[in-house]
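Here is a look at where one protein chain packs its inside and where it leaves gaps. Have the model open as you read.

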Amino acid sequence: MSNNYTRDPLTDFLNNSEFAPYIASIKHVSAAPARFAPFPPQLDPRLKAALNGRGIESLYDHQRAAWDYATTGTDFVVVTPTASGKTLCYNLPVVQALLADPDARALYLFPTKALSQDQQAELNALIEAGILPVKAATYDGDTPQSTRKSARDSGRIVISNPDMLHSGVLPNHAKWIKFFAGLRYIVVDEMHSYRGVFGSHVANVFRRLLRVAAYYGSSPRFILCSATIGNPAELAEALIGRPVQAITENGAPRAEKTVAFYNPPVVDPVQGIRKSSADESMAIAASFLASGVRTILFARSRLKVEILASYLNEYFKNIFTENSRIRVEPYRSGLLPNERRQIERGLREGSIHGVVSTNALELGIDIGGLDAAVISGWPGSLASFWQQAGRAGRRKGASMAVYVATSSPVDQYLIEHPDRFFGTTAENARIDADNPYIYADHIKCAAFELPFRAGESFGPEPEAVLSFLEEEGTVRNTGGRWYWSASGYPAEKISLRSATADNVVIIDSTGGRNEVIGEMDRPSAKELVFDDAVYIHRGIQFIVLKLDIENRQCLVEERQTNYYTDAIVKTDIKVLSEDERFGTDLLPVVVGDLLVRSSAEKFKKLRFHTNENIGYGEIYLPPEEMQTRTLTILFPEQAPSGALLRALPELDRAATLAAFCSLIRDLAPIELLCDRSDLGATWRIRDDHFCMPAVYVWDRYPGGTGLAEALSLSLGSVLMIAADRISACDCEDGCPSCIGVANEAFVAAKHRKSGAASLVHAAIRGLAWHGGEAL
């Protein structure tokens, strides 16, 4: 397997008769030279020598701008592409400060443990190059107990993640007195990943962090780094609660990159069904790997990652050539730490030639020089797309990214509008730090860490929440202060990344092994590892023997099957409140609270490769309930949209409303920085609450994260995109690329596509009733 990169295999792909007919467009990103700036005159000579020892003789423009902001005590965010040298933007001013003041400390936060380990290696290389008297230590869930005290006491730079800060450091701040007293800088890398639920939690963790730091007399400054998003300064300010300057001009050189947009061939012209994007992605990745091109394939789910990695290894299987001397591994959440590190090391060293990953490898973990990235389906945002495309060509010259569209409306819309990848401003990231569920949880954590003083600032209404908690007996008010009075500590029960802190441990019981092979959050476990489900771990198939929700464990047994499983989830809703009305009298749009009750009741058995449904099974698990935020689109009888629906036969009315609902949920992520799975949606021919036809789109997190409110502001744009998608699709009466294939209930319905198109246009006209202001 050669590591010498040439353009020939990539050029061959563009001319390959198997793939070339289905390449919808090709875009070339030209190379750009670097823009340099001299070292600052006050740079410590030891640090300059360390940089020189690593071959660095000057800085890029954006690195010098970062230095200038840091030395004036300004909070700032650096927003430049992958592999543009963002690490030096914070390492330089931080190490300079630590060399100047032996009591100074810094905290580095990364969203994943793998990234923390990777960045410690980078920092160590800089320290060792200049023999600098600065100790960096990683402090996360994988850090042995024997080395944690050393990290606390002597670590000048402590590298961690928000989860460990939340549950391990802040609740035990009395053990960190020396560190907090000297804390000068807080570095937040991969800031764009702190959005939605996770970001809303992290903003509250930062409130707690600054509160504890102030208690010990320090006032640290923030340095944040991010991939390209539409509102970096706004997100940074929402996260840290302070004004932030943004550095957006990139001074690093850019290598040439080719981006190919691949639309799989149509296999059923009548229904508009295309060949599986997963199969086509696998074939493209196999073609690259067979040509000696080191490749990463991004898939959308843990299950897809395991299936595609298995397919690729099966494709190259040959006992006489050691599988053509090509090794492919899956990389996803749920793998054990040693497994993840083994794969990362194999990619850096070249013993692993290809990897199939979820967005877990989207972040800046050093996995060496890959030459091609295959992206199977829209990853949810432009920021994610360019992060994934940027995994190829990080260290070398020209590279290629291939975007393989699925049949979904969002993918087909983007295949037809490739300029959105290049000429469009990236999406805005949103958080809601004041989400009542999240905010109340962190008030509990903060009260445990330090008593609250009367009138103390902490978000919008700390005293109102504290009074409520006092009634529950969680805190007590004595002498004008609120003290934690409950047993245990609250952080251990609060997960930053999901609606629950309850993880289910997956145990391999084959032949009495009883070995832990993975874990999963409780809601996901109910839909993925129910009894008799097929669980795939690094290409090995297991059957779930028993999911024990009460004890948070799942027993599995190794067993070979020719199918995988997929849960069917049923959802019920109930309106709890109507808080705001948007839109017009002809198309009212309501934002409010919603109770959602969901349960997995059955599952399908789908044959590998063909996805043929070969049977069903029952699921017997208790339902999940949550209160969240919803956007509801109403169709009054007196409005054109309502009249249009009323004129249709009952079956056609239901089919039209279902198609409209599907379009909104599928296409909303183009305007919102979210994934389709972040949104839930349903429709009602005659809604029990509003007494008229209605479509609900809700945020799939308790309390909401601002997606419903954001959609209310961009609904007009989403409807315009929906109208474009329907008119551009040449299917007869609905397909996966526009309104979806009719399910069993709507097989007999006629004119689904024309009905959905008419309803979309009626909705656009309804919103534009007041001179287009709503749009």
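Which residues does Ile 739 touch, not counting residues up to four places away in sequence? They are Ala 659, Ser 662, Leu 663, Ile 726, Asp 733, Gly 734, Arg 752, Lys 753 and Ala 756, where touching means contact, with heavy atoms within 4.5 Å.

Before going further, a word on ground rules: this is a predicted model, so local features need pLDDT of at least 70 and side-chain atom pairs count only at pLDDT 80 or more, while totals for chains, interfaces and linings use all residues. Residues are numbered from 1 along each chain as its sequence is written, and side-chain values use heavy atoms, with hydrogens and water left out.

**Two buried residues**

Ile 739 sits in the loop between helix H21 (707-728) and helix H22 (752-767). Helices here are DSSP runs of H or I with at least four residues, strands are runs of E with at least two, and both are numbered from the N terminus. Ile 739 counts as buried because its relative accessibility is 3%; the cut-offs are under 20% relative accessible area for buried, over 50% for exposed and partly exposed in between, with a 1.4 Å probe and protein chains only. Pro 693 is 46 residues from Ile 739 in sequence, and their C-alpha atoms are 18 Å apart.

Pro 693 turns up again among the contacts of Leu 657, a list that also includes Phe 635, Trp 683, Val 695 and Leu 759. Leu 657 belongs to helix H20 (residues 650-671), and at 0% relative accessibility it counts as buried too. From Leu 657 to Ile 536 is 121 residues along the chain and 37 Å between C-alpha atoms.

**The gaps inside**

Ile 536 leads us to the cavities, being one of the residues that line the largest cavity. Rolling a probe the size of a water molecule over the atoms shows where empty space is left. On a 1 Å grid over the protein atoms alone, a cavity is a set of points where a 1.4 Å probe fits but cannot get out, and lining residues have an atom within 4 Å of a point. Grid points are joined across faces, edges and corners, and the volume is the space filled by probe spheres set on them. There are two cavities of 30 Å³ or more.

| Cavity | Volume | Lining by class |
|---|---|---|
| Largest | about 150 Å³ | six nonpolar, one polar and three charged residues |

Helix H12 (302-315) and strand S24 (534-537) are the elements that give two or more residues to the lining of the largest cavity. Around the second largest cavity you'll find Asp 279, Lys 304, Tyr 311 and His 609, among others. There, helix H11 (277-290) and H12 each give two or more residues, and H12 gives the most, with four.

**Zooming out**

The protein has 22 helices and 33 strands. Its C-alpha trace spans about 80 × 75 × 65 Å along the principal axes. Buried residues make up 55% of the 775 residues.

Definitions and conventions: 1 Å grid on protein atoms, 1.4 Å probe; cavity = no way out; pocket = protein on both sides within 12 Å on 5 of 7 lines; lining within 4 Å. Nonpolar A, V, L, I, M, F, W, Y, C, P; charged D, E, K, R; others polar.
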